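The points are grouped by topic and are meant to be read against the coordinates.

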Amino acid sequence: MSFRLAIIGRPNVGKSTLFNRLVGRRLALVDDLPGVTRDRREGAARLGDLAFTAVDTAGLEEAGPASLSGRMLAQTRLAIEQADAILFLIDARAGLTPGDHAFADLVRRSGKPAILIANKSEGASGAAGALEAYALGLGEPVAISAEHGEGLADLYDALREALPDRTLPISESGEAVPDERAESSRPIRVAVVGRPNSGKSTLINRLLGEERLLTGPEPGITRDAIASDLSWRGRQFRIYDTAGLRRRSKIDEKLEKLSAADALRAIRFADVVILLLEAGRAFEEQDLRIADLIEREGRAVVLAVNKWDLAERRAGAVAKLREEAAHRLPQIKGAPILPVSALLGEGIEPLMQAVLESYGVWNRRIATNLLNRWLEAAQASHPPPAVSGRRIKFNYITQPKARPPTFVLFCSRADAVPDAYRRYLANGLREAFDLPGTPIRLTLREKRRR
């Protein structure tokens, strides 16, 4: 079921870049110079399995109705009136401006469902600016980078929530299929990734119980990210097979570059990623690179060691794998690691159970009072260091979002907190609140003085 989205915001916040990203082509001109876009531009857009019309608009500026800027503003107002929902962009790097507050009022008065988007959120400065967006009173901001394609999975979820009736799944007859719209009814998106010839397609065929995907001894058979639906113990999953990921320096064919880009896109839209390792060759450099990519994208991860039937079965072999995973992948400490044989179907049930549990951890929210009790105990056990003779004071901690669990700690002199102490806090959160295997985002911010 189609719908219209109006993309609005101040000049130079990245509206046209997001528009181009959604329509999949460079239809709108993009430049660092503000005010490039003047007219409304429409395009057929897609995000995951959603198809809709995106409308790029001119940057919002207060101006008289007779001026060029005033006429541009009138066009933007018309786009808002005709839209089913609004994407209101701010520049996370620049932070909030009086113009953002003024146009947030315009969005509220429209009465349309609105999604607040903090664009350019990559990096530390962007993450801090994204948190400022709460002050606009438009709900939880969706942190993205339109230029780099980051955060689009969160935008997808926000669209489903803002327009539940317009984003219903479509049946084979072409009619919308009603559902409960509860989180439990949405398929869990699972991407299976790994090096070439690690057995990804064979594993998915085993899960589906049919030869859905081509397999063979030749590496590189899979090129596109193929989605297949799976029902397991009453829960729905959408499993994505992906092309094998090699080191970038070894990719020289254009087709392989496109296949790798498709695999990366599947990771960005996944809820849980199964990283498939090979028994006897686990934790090679490329495996570690892929795991690091998954962590940067903020996806829950499950490690599966395939071809276990070919490995030498020694006592304590699985425990040794877990120790090596903890040593080599500290950024996803506690991620489940399971031996499987896709060819023989061994270890499939525990693997799917681990996916379900990792998804639950990835969605976990923790009450603010529990977090602040933990913070007091963490400081008492290991006080923050004094920097230049001055002690750093922590005020309070809260969790603004999940998927992955994201925490904001307000303190004095945030820039002076050593990296080692940040890791101590992040590891403490992981252990105290049972958050194994999921990326943890911890942002330190200085509490503003009145």
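This is a predicted model: local features need pLDDT of at least 70, side-chain atom pairs count only at pLDDT 80 or more; totals for chains, interfaces and linings use all residues.

- Six strands form an open sheet with mixed pairing, and their order is β8-β9-β7-β10-β11-β12.
- The edges of this sheet are taken by β8 (226–232) and β12 (337–339), each of which has a single partner strand, so one side of each is left without a neighbour in the sheet.
- On average, neighbouring strands of the sheet are turned by 25° against each other when direction is ignored.
- Within the sheet, β10 (residues 272–278) pairs with β11 in the parallel sense over seven bridges, and V272 stands opposite A300 in β11.

**Helices packed on the sheet**
- Helix α9 (residues 317–328) packs on the sheet, where it touches β11 and β12, and its direction makes about 145° with that of β12.
- Helix α10 (residues 348–362) also packs on the sheet, touching β7 (188–194), β8, β9 (235–241), β10, β11 and β12, and the direction of α10 makes about 165° with that of β11.

**Residue E297**
- E297 is found in the loop that lies between α8 (285–296) and β11 (300–306).
- With a relative accessible area of 15%, E297 counts as buried, because the cut-off for that class is under 20% relative accessible area.
- When its neighbours within four places in sequence are left aside, E297 is in contact with I267, R268 and R441.

Note on methods. Residues are numbered from 1 along each chain as its sequence is written. Side-chain values use heavy atoms; hydrogens and water are left out. Helices (H or I, at least four residues) and strands (E, at least two) are DSSP runs, numbered from the N terminus. Buried means under 20% relative accessible area, exposed over 50%, partly exposed in between (1.4 Å probe, protein chains only). Contact means heavy atoms within 4.5 Å. Two strands pair if DSSP finds at least two bridges between them. Axes are lines fitted to C-alpha atoms, for helices over the stretch in contact, and angles run from 0 to 180 degrees between N-to-C directions.
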